[in-house]
Amino acid sequence: MPPSDARIPLPAPRSTPYGILRGAPFTGDAALPSEAEVVIIGGGILGAVTALNLAKRNIPVVLCEKAEIGCEASSRAFGWVSEIMVDTLKQPMTQLAKRMWDDLHAEAGETGFRRHGVLQLAETPEELEGLSAWLESCSGTVSDTRLVTASQVRERLPTASRDFAGGLLCESDGSAEPVLATAAIAQAARRAGARIVTGCAVRGLNLAAGRIAGVYTEKGYIKTSMVLCAANAWSRLFCGNHGVDVPQIYAILSMGRTGVTDGPVGAGGVDAWAWRRQIDGSYALGGVNGIAAPVTRDAIKLYNRFKPLMEMMGSGGKVDFGRDAWNDLMLARRWNPAKRSPFERLRVLAGKTRAEARTSLASNARVFPEMAGARVEETWSGPLTLTPDNMPILGAVSAIPGFHLATGCTYGITWAPAIGKLMADIMTGRPTDFDAAPYRLERFFDGSPPIVTY
Ligand SMILES: Cc1cc2nc3c(=O)[nH]c(=O)nc-3n(C[C@H](O)[C@H](O)[C@H](O)COP(=O)(O)OP(=O)(O)OC[C@H]3O[C@@H](n4cnc5c(N)ncnc54)[C@H](O)[C@@H]3O)c2cc1C
C-alpha cells in the first residue's frame, strides 16, 4: 500500500447517457449469457464483491446492473470504514470486514483503502458521556476504539480553532474511495471469471413450481436456479412484485468535496458535520444535516415500523415532499416481469442534492482554519437505505427457494468484504464466519421481538 500521505489522483465526475455519474468508468461484457449458476441483481459494492467471491470458487455467475457499476450509493458514499457507533450485534461482521479490507484492496487493486483512523468528536461533556456509554456497551467486541481526552484530541488536531470535550478514536479504522472501490472489485470479479453486464435491468424472476427458473432482463432471459438481489434502494420494489415484503425505506444524503487543501488527518467529525481526507488530498465533507427523507409511498406505509428507529436517531434529517417523492410516486408497483420495468424508467436513483452539501464546508472551516480558503468543487447525493432495526437483510428468502437478499445497509462500504463472503458461503452451502441469523428477512415476520440497533 502506498504511504498514506501520497497523493493519488481520483477520477472526476463523468457525463454519461444516465446523467453525471461519479466513479471510475467500467467496461463489462457485451453479451448476456443464456445460463448461469447464480445471477446477481445490482452492481453496487455488495453485488460486485459477492460476484468476486463466487467466481473465485469457480461458480458461473452473472451480475446485471441497470446502469453503470457503482452508480448509486456505492460511488456516492462518504467512504468511512469504521466500527465507531456500530451496535455490538453488528460488531462480529464489522470486525471481520475491517480485517478483510486489506486483502480485498490487495486483490482488487487501488480501492483507495487506507487505515488513517477515525475520530468521533464530542462537543460537550454530555456527548462524551454518550460516546463512553456506547463504548462500554461494546466492551470486548470492538478492536482498538478508545475514549480520548480533550488534550489527546488537541494532539491529533493541532490546528483546530476550538477545544472539544473529547472523543472516540479508532486508529485501525479508515476509508475506501467510493469513486474507485466498486469498479476495482468488479474488475477483479471479471478477472476471476464473473460475467458483468451493465445497462441491463433485471425485470423480474421466472418462477416454476415456486422455485427460481430464470430471470428476465432487458437484454434477454438467463436460465438460473439461484439469484441474489443486491439492488439496495430498489430491493423492496423488486421483491414486492413477487409478493416478498422487504421492510426498507431510503433517505437521501448529500455531500460535498473541496479542492486539494491542507487540513485535519484521516476522518472524523460530529454528527452534524464531518470530514474525510481523500487520497488525492482533497476533502469529502458531510454530516447528518444533509439527510432528507422523501415522503414515498413506502415511507408512509411503513411509518409505524420505522418510528422507534427515527426516535432513536433524533432530529438531524428533514422530510422532503419534493422531486424525489414525486419520482417515486411515478413508478409502477406491479408489472409483468417479462415486460419493461420501473428500473428502466429511473436508471439512477441519486436524489436531490441539498444545500447542506455546501454548508458542511463552512462548519468544518470554522474548526480547521486551513479549510477557510477552500471551495466546494463538487456536490452530490445518494440513497441511504434503512430497515426498522437498522440491521441489513442478508440471506436466503424462505418464501422463494433459490432467492437471496443482501440489502438495507447503512454501512455497506465498511461491511462489503464480509457480506460478499457471507453471501457466497450461504449460496454454496458452506459454514458462515459469523452468526447470520440476526440478519435474515424472516425476523420481521416470525414473531421475533422488535429491536432497534445503533
Ligand atoms: C451519501 C452516503 C454516504 C455514505 N457513507 C458511508 C460511509 O461512510 N461508510 C459506509 O460504510 N457506508 C456508507 N454509506 C452506505 C453505503 O454507501 C451503502 O451501504 C453501500 O454502497 C450499499 O451498496 P449496495 O451494493 O447494496 O448498493 P448500491 O451501491 O446502491 O448498488 C445497488 C445497485 O443495484 C442496481 N439495481 C437496482 N435494481 C436493479 C435491477 N432491477 N436490475 C439491475 N440493477 C439494479 C442499481 O443501479 C445500483 O447500482 C453511505 C451512503 C450514502 C448514500
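This is a predicted model: local features need pLDDT of at least 70, side-chain atom pairs count only at pLDDT 80 or more; totals for chains, interfaces and linings use all residues.

## The segment after helix 13

R440 lies in the segment that follows helix 13. With 18 other C-beta atoms within 10 Å, R440 is partly exposed. R440 and A396 are separated by 44 residues in sequence, yet their C-alpha atoms are 7.4 Å apart in space.

## Helix 13

Helix 13 has 16 residues, and its end C-alpha atoms are only 19 Å apart. A straight helix would reach 22 Å at 1.5 Å a residue, so the span of helix 13 falls short of that value. Helix 13 also bends, by about 40°, at A418.

How many of the 16 residues of helix 13 are buried? The number is 14, so helix 13 is largely enclosed by the rest of the structure. After the helix comes G429, which has a positive phi near 70°.

V227 has F403, in strand 23, as its bridge partner.

Three strands form an open sheet in the order 11-12-13, and the pairing is antiparallel. Which strands stand at the edges? They are strand 11 (202-208) and strand 13 (220-223); each has a single partner strand, so one side of each is left without a neighbour in the sheet. The twist in this sheet averages 25° from one strand to the next.

Strand 11 and strand 12 (residues 211-217) run antiparallel and are joined by six bridges. The bridge partner of G204 is Y216, in strand 12.

## Positive phi in two loops

A209 lies in the loop between strand 11 and strand 12. Its phi is positive, near 50°, although A209 is a residue other than glycine. Is A209 buried or exposed? A209 has 6 other C-beta atoms within 10 Å and is therefore exposed, the limit for that class being 12 or fewer.

N58, in the loop between helix 1 and strand 4 (61-64), is not a glycine but has a positive phi of about 60°. N58 is exposed because 10 other C-beta atoms lie within 10 Å, against a limit of 12 or fewer.

## The shell around the ligand

There are 40 residues around the ligand, and those that come nearest are G42, G44, S74, N232 and G412. Two or more residues of the shell are given by each of helix 1 (45-56), helix 2 (73-76), strand 15 (249-260), strand 21 (376-386) and helix 13 (412-427).

What is the make-up of the shell in terms of nonpolar, polar and charged residues? The shell around the ligand divides into 25 nonpolar, 11 polar and four charged residues.

How values were computed:
Residues are numbered from 1 along each chain as its sequence is written. A residue is near a molecule or strand if its C-beta atom, placed from the backbone, lies within 6 Å of it. Helices (H or I, at least four residues) and strands (E, at least two) are DSSP runs, numbered from the N terminus. Ala, Val, Leu, Ile, Met, Phe, Trp, Tyr, Cys and Pro count as nonpolar, Asp, Glu, Lys and Arg as charged, and the others, Gly among them, as polar. The bend at a residue is the angle between axes fitted to the seven residues ending there and the seven starting there. A residue is buried if 20 or more other C-beta atoms lie within 10 Å of its own, exposed if 12 or fewer, and partly exposed in between; C-beta atoms are placed from the backbone. Two strands pair if DSSP finds at least two bridges between them. Axes are lines fitted to C-alpha atoms, for helices over the stretch in contact, and angles run from 0 to 180 degrees between N-to-C directions.
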